[in-house]
Amino acid sequence: MENNIFELQYAMDTFYFLVCGALVMWMAAGFSMLEAGLVRSKNTAEILTKNVALFAIACTMYMIVGYEIMYDGGYFLSGITTVAGMDDAAVAGVLKDSAEAGFGGDSVYSGASDFFFQVVFVATAMSIVSGAVAERMKLWAFLVFAVVMTGFIYPMEGSWTWNGDSVFGLFELSYSDYAGSGIVHMAGAAAALAGVLLLGPRLGKYTKDGKVNAIVGANMPLATLGTFILWMGWFGFNGGSTLKLGGIAVANEVANVFLNTNAAAAGGLIAALVIARIIFGKADLTMALNGALAGLVAITAEPADPTPLAATIIGAVGGAIVVFSIIFLDKIKIDDPVGAISVHGVVGFFGVMVVPVTDADATYGGQLVGAATIFGWVFITSLITWFVIKMIMGIRVSEEEEYEGVDIGECGLEAYPEFVSSK
Amino acid sequence: MKLVTAIIKPFKLDDVREALSEIGVQGITVTEVKGFGRQKGHTELYRGAEYVVDFLPKVKIEAAVSADLLDQVLDAITKSAHTGKIGDGKIFVYDLQQAIRIRTGESGPEAL
């Protein structure tokens with residue numbers, strides 16, 4: 001009878017992992033729609049191509065080497081129990097592990113479900129990059145970077161944090177990041193920042209006398225849909241990071257994670273909307289959307305411990321930070337069409353640093369060292385990678401191609417061929 | 001005969017049409033146009049950065065009227081298209097040499 005319960009627990013925890021993984025996979029659709037909405041229509045097909053291709057590359061690279069580097073899961077997932085491998089002896093082994101862990105202990109679940117859940121996080125980190133470098137980066141240069149980022153750069157920092165490996169044998173991190181405000185979001189933003197610095201702003205973004213021009217996104221309904229899809233996917237992102245569902249205490253934690261994740265998004269949206277209305281005089285929808293995402297990023301480092309009120313406030317602070325961060329980055333000529341560096345980088349760092357407020361086990365020093373390690377590693381290795389790609393094949397399209405739109409130049413097709421362009 | 005061309009705010013079109021038909025104008029031609037005046041377009045805000053809209057959408061109305069109706073027409077358009085804010089538009093008046101009704105072949109004021 002006890003074994004039957006352990007079998008069910010294994011099944012439930014595996015199933016929960018898979019469903020959450022599928023929700024996070026759907027965030028790729030959210031990023032695609034958000035970015036398609038915030039770029040100009042002449043660059044839509046290319047940004048969509050980047051988003052679908054980076055997802056496929058992330059899944060493939062993480063299978064080949066990434067999972068081995070990060071979790072010692074074997075090259076080509078050789079460490080994962082196959083269907084044939086789950087024989088009677090293996091089942092007995094799992095039951096023994098479950099009995100040792102006890103019902104409230106560490107989760108015991110299928111290794112294949114663990115890979116599936118981890119791999120969609122890699123894709124999320126990479127999706128962050130595509131928005132920041134949109135409308136001017138060469139498609140293939142971006143995809144080459146995706147190979148390095150998802151196969152090496154991300155798995156390395158992931159192994160130091162979530163897997164607890166020492167950093168090149170030098171030191172170990174004492175760093176708490178529940179679902180990856182720093183490990184996933186700030187890491188993606190650090191890679192994006194390195195790319196944007198080497199790439200430069202879009203043509204026409206800044207006038208010769210230094211004035212900032214707005215380059216208006218083509219499709220607000222798509223941007224809004226993308227934000228809602230991300231918001232929904234985030235329940236898998238944070239909720240699944242509990243790593244387990246079976247047991248009263250754990251199930252209650254999962255429910256609180258869902259609740260807090262939602263509360264933070266709401267708080268972030270309200271804060272950004274109100275602040276945009278106050279300082280611009282208009283309720284800028286794109287800022288409200290970035291505010292919701294900022295709230296989600298802010299709560300991701302610790303979505304379980306805060307009270308619902310605290311989660312709302314953490315989200316609201318994230319939503320406030322993102323508005324000022326976007327304005328500031330615009331001023332210092334870091335051109336980020338979708339606000340990815342602000343949403344995921346600046347607010348990701350805030351999310352990491354706010355953990356000790358609600359989680360007594362985390363320290364400010366530990367969080368700071370962890371965040372600095374992640375940012376330093378990802379930023380420097382990304383900068384080198386972008387630089388090498390720039391030397392070999394170039395990272396920026398020609399001025400003429402940028403003016404015509406990268407849809408025609410890179411993909412040979414338009415997103416909306418039957419629309420008459422106004423420009 | 002006179003040709004009256006008025007550039008007005010798009011949302012005032014219905015008011016102007018009504019005012020003109022009340023005083024007996026038999027027909028008008030309407031075109032959606034874009035342009036700028038003394039304000040040289042206007043600026044809008046996106047994500048905290050300004051951008052200039054060079055050409056604002058307007059509606060152009062053309063009405064061919066008999067000379068004795070001209071003052072009434074100008075008065076009707078001025079009153080019905082008026083908001084008192086920047087961008088209310090302008091009216092231009094031309095002498096009209098000839099008008100022909102294609103279906104009947106009538107010409108001159110009878111064709112209006």
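In this predicted model, A:Asp335 is in contact, once its neighbours within four places in sequence are left aside, with A:Val196, A:Pro201, A:Arg202 and A:Lys205. A:Asp335 lies in the loop between H10 and H11 of chain A, and it counts as buried because 21 C-beta neighbours fall inside 10 Å, where 20 or more are required. From A:Asp335 to A:Ile395 the separation is 60 residues in sequence and 15 Å in space, taken C-alpha to C-alpha.

**The loop residues with positive phi**

- A:Lys333 is also placed in the loop between H10 and helix H11 (340-353) of chain A, and it has a positive phi of about 65° although it is not a glycine.
- A:Phe76 is exposed, since 12 other C-beta atoms lie within 10 Å.
- As background to these values, most residues other than glycine have a negative phi.

**Overall build of chain A**

- Chain A has 15 helices and 0 strands, and its radius of gyration of 21 Å is close to the 22 Å that the globule rule gives for 423 residues, so the chain is as compact as a globular protein of that length.
- Along its principal axes, the C-alpha trace of chain A spans about 75 × 45 × 45 Å.
- Buried residues make up 52% of the 423 residues in chain A.
- Among contacts in chain A with a separation of 6 or more, 80% are between residues 24 or more positions apart.

**Packing of H1 against H3**

- Helix H1 (residues 2-38) of chain A packs with helix H3 (residues 88-101) of chain A at an angle of about 95°, and their axes are 10 Å apart.
- With angles of 65 to 115 degrees counting as roughly perpendicular, H1(A) and H3(A) are therefore roughly perpendicular to each other.
- On the H1(A) side, the contact is made by A:Asn3, A:Phe6, A:Gln9 and A:Tyr10, and on the H3(A) side by A:Val94, A:Leu95, A:Ser98 and A:Ala99.
- By class, this contact of H1(A) with H3(A) comprises 5 nonpolar and 3 polar residues, with no charged residues.

**Nonpolar cores**

- The largest nonpolar core holds 123 residues, of which A:Ala58, A:Ala123, A:Ala187, A:Ala190, A:Ala192, A:Ala272 and A:Ala298 touch the most other members.
- H1(A) gives the most to this core, contributing 13 residues.
- Apart from this core lies another, of 15 residues, among them B:Val16, B:Ile61, B:Leu69 and B:Ile77.
- Leaving aside neighbours within four places in sequence, A:Ala272 is in contact with A:Met287, A:Ala288, A:Asn290, A:Gly291, A:Ala294, A:Gly319, A:Ala320, A:Val322 and A:Val323.

**Interface between chains A and B**

- Across the interface, 12 residues of chain A are in contact with 7 residues of chain B.
- On the side of chain A that touches chain B, helix H9 (285-300) and helix H10 (308-331) of chain A each supply at least two residues, and H10(A) gives the most, with 3 residues.
- The residues on that side of chain A divide into 7 nonpolar, 2 polar and 3 charged.

Conventions:
Residues are numbered from 1 along each chain as its sequence is written. Chains are lettered from A and ligands numbered from 1 in the order in which they are written. This is a predicted model: local features need pLDDT of at least 70, side-chain atom pairs count only at pLDDT 80 or more; totals for chains, interfaces and linings use all residues. Axes are lines fitted to C-alpha atoms, for helices over the stretch in contact, and angles run from 0 to 180 degrees between N-to-C directions. Helices (H or I, at least four residues) and strands (E, at least two) are DSSP runs, numbered from the N terminus. Angles under 35 degrees count as roughly parallel, over 145 as roughly antiparallel, 65 to 115 as roughly perpendicular and the rest as oblique. Two residues are in contact if their C-beta atoms, placed from the backbone, lie within 7 Å. Ala, Val, Leu, Ile, Met, Phe, Trp, Tyr, Cys and Pro count as nonpolar, Asp, Glu, Lys and Arg as charged, and the others, Gly among them, as polar. The radius of gyration is taken over C-alpha atoms; the globule rule is 2.2 Å times the number of residues to the power 0.38. A nonpolar core is a set of buried Ala, Val, Leu, Ile, Met, Phe, Trp, Tyr and Cys residues joined through C-beta atoms within 7 Å.
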